[in-house]
Structure formats: C-alpha cells, structure tokens
Amino acid sequence: METGFDLSQEMRSWVSPSLIEANHILSLSRQELQAAVMAEIDANPALDQEDLPVCSACGNVLDGPWCAICRTRIDDEGPRDGDRTDDGAEMLVTAASIREESEDFDPMTLVAQGEDIRSQILRDVRTLLEPCDYPIAEYLIDGIDDRGLLTCDLAFLAELCDVPLERIEVIVMLIQDVSPVGVGARTLEESLLLQARYLAANGEDVPPMCDVVIRDHLTELGAHRFGQIARSLAITTDDVEVIRDFIRERLNPFPLQSSEARSWRAPSVAQYVAPDVIITLKDGVLVAEVVDTSHFHLRINPVYDRLAGDLPRKRIGPEGQQAIGAVSPVTTEDRDHIRAYSSRARLFISNIQQRRDTLLKISSCIVNLQEAFLRGGVRELRPLTRAIVAQQVGVHESTVSRATSNKYVMLPNRKVIPFSDFFTPSLSVKDVIKEILIDEHRAGQHLTDRKICDRLDDRGIRIARRTVAKYRAELGILPSTMR
C-alpha cells in the first residue's frame, strides 16, 4: 500500500448565496416583495427609498402626471365637460386628484379588510329591529366576549336607555337567533341549553334530563358528583354519565371559537391580490409594464455611499484638518460595518432590478405568444408551456416558473388573472363546455358527458369523455342525472 497526492480537475455546479437571494426575490409577488423591502430597509441602515412622485390611489410610481393604471382609466372615461385649464386645454379630473386636494382624506380608508363576526351579527339583527333599537343592539353585541357570552348587565342597560327590561331581553333573543348557536347567552348554562335545544330541534338524539342537568346541576356534574345528581333526578348514574359524555362531545363552552362559528362567519378568508404586470393597449399595440411602486425604487444612503468611497483616501491631519491620500481614521470595525452594509444594499438593489427586467422580458414574450387571447378572449387561448417561454427569453425553465408563480396580470379589459392562466389551454375548452351546458339548460335538455364529447368533436375539439367529466367537475357542474 502506498500513500500519495494526486491533482485532478473537475467541473461542479456551485450555487452562490447571491444567486439564492436573487432567485428568492424573483419568486416573490408584488405584495410579498413590498414586505421584504420594508424589512430590509429596517435591517440595513445603508438602504433608502428614492423620493419619487407616486399615485395617491394605488401607490404606483407616476409616469408623467398620471400613473399607468389611473391614466388608462382616465383615457377610457374621457374628460368631463367644462374641465379646462386657463389656456383652453382640457384637464382630466380623477378621484385621485380630488383626494390630493382634500385635507380630510385618509389614505388608510382605501385598505380593504374582512368583516368580523360582530359586524355580521349586527348587520343581520338590524333586519329584525326598529331603527330606534340599533344602538341597544350595538351595545349588546360589543359586550360579547371572546367565548361568545354576553357580559352586559341588562338591568343597567334598561335603566340607562330608559326602556323596559323585557324589550332588552327580546333584542337579546334576536341576537341569539342570528348568531352561531350558543353565542349571545348570558351564562354558560344558557349557552349549553341553547346548543342542546338546537341539536334536538334538528333531529339529534339528546339524552333525557339533559337540559335539567345543565340548568340545575352543572356544578355538581363538573365535580363528578354523579350519585348526588342521580338521587336528585331519580335516575341512574349510568344515565348521568351518558349526559356527561353528550355534553363533553357535542356541546362547546366557547361557542364563538368553535369550528361551526368559524365556518358560519367565513368559510375561507378573502384574499386580495394586486397585479404585478399590467398589459395595456396603446395605439393598437399590446404593451406589458411591470408595476413599480415607491417601495421598489431604492438607493444607497448618501452618507454610507460617501463613507464607503472615501474610506481608503482620508485621514485627519495633526491640526484637525482632513488630509487626502492617507489612511482613514475610522476603526476597523466601523470600516467593516460600512463596507458590509453598503455591499448588501447594492446586492439587494441589483436583485430588485434583475427581477424587474426578467419579469418584463417574460411578460413581453407571453404577450407576443398569446396576443390572440389578449385581444379575442379565452376562446383564443393557445397551448403554451414555460419551456417555450424560457427558450424564447433565453433563461432556464425554472426561472420562468419562479417569475410567474403567485403573480397576477391585469389584462386590457381590466380583468386580473394569474400568470398560470396563460399556460392552461384547457380554459378555452372549459369555456366551450360551459356554453354547451348553458344552451342545454335553455333548451331543457340534459346532455351526458358522452354527448358533450360529441358536441366538442363537431367543433374540432377532440378530448376523451373522462376529460369532459373532469372539466365539468372543475366548473362545479353536476352530472346529467342530477341536473
């Protein structure tokens, strides 16, 4: 056996940290990128935002007097009569310009937010009340805690509003009717009774004497005094255990936090999307523009930029004056801090610009390849893959995938769609199937999937019957036997 050293050459792919960061920035949507930029500005003192004029309505950087979104809308609407400047030229008036002139306008009112459960309860109960009872209902609903129980003193509220107590109790009952089951009860016992009665009214098997145990012996039940409850109600301890199991499994002491209450108020959280790319029609030509907000226009902090450039050239002279061409008086730690954060800021700005350029190239390529779809509608959508776009742009397919994932496009007709729609040719077929089924409904017919497949074949669209069934299910349309 011999021991020795050998030199050999090999090629190995190596992913640098800067490339990882660039790919991460590229994959972010517009809203996610804004959050990333704000976090980076907070963490890096060498990074600043440029002072650029922005639209007060959408936050887009202005291109001249108007931003891309607002300008297109104004061009569509046209100027109003009588809106002219001193020299006779027509002046465009928009909601944005009115907001800018108003001192009382709060831009935070433009932020959309979901409706909470108390607002929904108040909105529903108002349909059952007289207008004079609205303040009482609002006071009561505000008194519902996180458990769903009403914490207001009804006697005090009746005295405060100078109304009979019975009137307050009627409003409470109406609130309980329009709320999730058990919400709006004044005590835990009342909440459990409301839930048990609701289950019984809907055909559920509720153990006998369950309401009596909840109303009169809930404390003993929690202390496991089953024998005492059984003797008081003349039932067996097994019956008490059945009631206990029912209360434990079917009733909720926190009705506002139950799954039923969550599904009642919002089956799914509403998502608000913002377009990353805007496709407009200018002089008959389709043009793709990447949405630029003030968050995406960054610069190096002037102080850090000057210090980073002057570090190797300046020092303080013996009389306190600055001498040129000598060593900087700052410490090594300060020098490393300035250079590290300046380099980090330059890299971040470069990644933002690279994202903008890549997204613009890909969007322009998609506009050229799907021009018929953009002009004529979904029926003109042509088969397109990310590999074809990558070949046209000159990047890797994974780059196209990152650049288009979780991003949205505003079409010339103001419709906002995800980028993935450009790569889903089945949308045109689904639209044809939807049209066939609409005609079927008008004619009073019930076409099976096989007949729909034959109708598509007559139009030159050849797909299998199981594919028709798949597309029909994705459209949310029931089979012919159930329509």
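**Exercise 1.** Determine which residue takes a positive phi in the hairpin of strand 2 and strand 3, and describe how strand 2 pairs with other strands.

*Solution.* The model is predicted, so local features need pLDDT of at least 70 and side-chain atom pairs count only at pLDDT 80 or more, while totals for chains, interfaces and linings use all residues. Residues are numbered from 1 along each chain as its sequence is written, and side-chain values use heavy atoms, with hydrogens and water left out.

Step 1. In the hairpin, 2 residues lie between the strands, and D283 has a positive phi near 55°. Strands (E, at least two residues) and helices (H or I, at least four) are DSSP runs, numbered from the N terminus.

Step 2. Strand 2 (residues 277-282) and strand 3 (residues 285-290) run antiparallel and are joined by 6 bridges; two strands pair if DSSP finds at least two bridges between them. Here T280 stands opposite V287.

Step 3. Strand 2 is also joined to strand 7 (residues 408-410) by 2 bridges, in parallel. I278 stands opposite M410.

**Exercise 2.** Identify the buried residues of helix 22 and explain why they line one face.

*Solution.* Step 1. In helix 22 (residues 465-474), V468, A469, Y471 and R472 are buried, that is, under 20% relative accessible area (1.4 Å probe, protein chains only).

Step 1. Viewed down the helix axis, these residues fall within an arc of 165° (taken from the directions from axis to C-beta atoms), so they line one face.

Step 2. On the other side, R466 and A473 are exposed (over 50%).

Step 3. The buried residues pack against helix 20 (426-443) and helix 21 (449-458), contact meaning heavy atoms within 4.5 Å.
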